Amino acid sequence: MARNSGSRPVGGPELTVGVRVLVRRSSGADLTGEVVEDYAAVTDPGGGGHEWAPVHRWAVALDDGRLVFADTDDLGGSPSSVDIVNTGS
């Protein structure tokens with residue numbers, strides 16, 4: 001998905017607290033959840049992050065109960081567009 005220089009994916013919903021997103025990880029499956037916090041103030045230069053431990057902008061509460069931190073480039077559009085496979089029991 002193409003992106004602009006702001007916090008909004010091009011052609012997708014604006015990223016704000018409360019928006020449902022798809023979190024793309026380099027290893028493993030994509031995850032779905034809801035944005036619960038925006039740390040833009042500390043991700044800007046001089047905002048308090050460290051070069052050796054960079055702050056990720058978004059806190060996302062995953063549907064499985066975990067909390068992850070992600071950058072804008074790691075977040076996709078609405079998870080409603082993702083096919084969920086029911087593996088049964």
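Let's start with two terms: strands are DSSP runs of E with at least two residues, helices are runs of H or I with at least four, and both are numbered from the N terminus. Two strands pair if DSSP finds at least two bridges between them.

Now, a word on what we are looking at. This is a predicted model, where local features need pLDDT of at least 70 and side-chain atom pairs count only at pLDDT 80 or more, while totals for chains, interfaces and linings use all residues. Residues are numbered from 1 along each chain as its sequence is written, and side-chain values use heavy atoms, leaving out hydrogens and water.

Let's go to the sheet. Here 5 strands make an open, antiparallel sheet, ordered β4-β3-β2-β1-β5. At its edges stand β4 (67–70) and β5 (75–76); each has a single partner strand, so one side of each has no neighbour in the sheet.

How many bridges join β1 to β5? There are 2, and these strands run antiparallel. For V23, the bridge partner in β5 is L75.

Also in β1 (residues 20–23) sits L22. L22 is buried (under 20% relative accessible area; exposed is over 50%, partly exposed in between, with a 1.4 Å probe and protein chains only), at 9%. Its C-alpha atom is 6.1 Å from that of G77, 55 residues apart along the chain.

Finally, the whole structure has 1 aromatic pair. Phe, Tyr and Trp rings (six-membered for Trp) pair with centres within 6.5 Å; planes under 30 degrees apart are stacked, over 60 edge-to-face, the rest tilted. Y39 and F69 have ring centres 6.3 Å apart and planes at 50 degrees, so they are tilted.
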